[in-house]
Amino acid sequence: MFKKQIFYDTDCFFTFLVIDKVFILKKLFKEINIPKPAYDELILLCNDPMLKKSFNDIISSGFVKIINMDIFSEEYTKYKCIKNGYWDNFKVVGKGEAAALSYAIVNDGIIASNNLSDVKSYVKKFNLTLLTSSMIIAISFENQIITEKEANSIWNDMLNKKRKLPANSFLEYYKYIFPNDSQQYLKNIS
């Protein structure tokens, strides 16, 4: 479905990992890329041995690619500018978001991030496609990867794991928020 490379920040990937639903990502994407700064943050979040094993198994399968950032690369230069707020009125963003943004910008890719307050202005400035966990659930539902019942269950599991979502239920998000999210963020999708 998605032909462009996907670059994940920490929270968007962790939201699926923590509820053991990475299979959804595997159904939608050929592979996903996690920049090293986001990987470092993920390792800290995977403090449970079973969660860490699951994460390592997904990496070993080849589905998740950890991208090392060469300090002489264009991605690194953009990463430093974004991380230090040089492009957005000196608004400092997290390492995971900055790394995912820099790779998406340089490689004409898609950023997967739940932190709209950090990435929204960059998505607009560089005309990027943005995916959030909420959008991924809705797209999975529309493509019959999951049923409405499964989408509601996944949504509740995420809320129970203290993941921030834009609505109290999947159906509420899908009916009232997703149409706007699609129009605003899901451009240049292929």
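The model is predicted: local features need pLDDT of at least 70, side-chain atom pairs count only at pLDDT 80 or more, and totals for chains, interfaces and linings use all residues. Residues are numbered from 1 along each chain as its sequence is written, and side-chain values use heavy atoms, with hydrogens and water left out.

**Cysteines**
- A disulfide is a covalent bond between the sulfur atoms of two cysteines.
- Here the term means a pair of cysteine sulfur atoms within 2.5 Å.
- The whole structure was searched, and zero disulfides were found.
- Cysteine 12 is in no disulfide; its nearest cysteine sulfur, that of cysteine 46, is 15 Å away.
- That 15 Å is too far for a bond between cysteine 46 and cysteine 12.
- Cysteine 12 counts as buried because its relative accessibility is 0%. (Buried means under 20% relative accessible area, exposed over 50%, partly exposed in between, with a 1.4 Å probe and protein chains only.)
- Cysteine 46, at 1%, is buried.

**Asparagine 33**
- Asparagine 33 sits in strand E2, residues 32–35. (Helices, H or I of at least four residues, and strands, E of at least two, are DSSP runs numbered from the N terminus.)
- Its relative accessibility is 4%, so asparagine 33 counts as buried.
- Beyond four places in sequence, asparagine 33 touches Gln5, Ile6, Phe7, Tyr8, Lys65 and Ile67. (Contact means heavy atoms within 4.5 Å.)

**Alanine 167**
- Alanine 167 lies in the loop between helix H9 (148–160) and helix H10 (170–176).
- Alanine 167 is buried, at 5% relative accessibility.
- Its contacts beyond four places in sequence include Trp155 and Tyr173.
- The C-alpha atoms of alanine 167 and tryptophan 155 are 9.4 Å apart, with the residues twelve apart along the chain.
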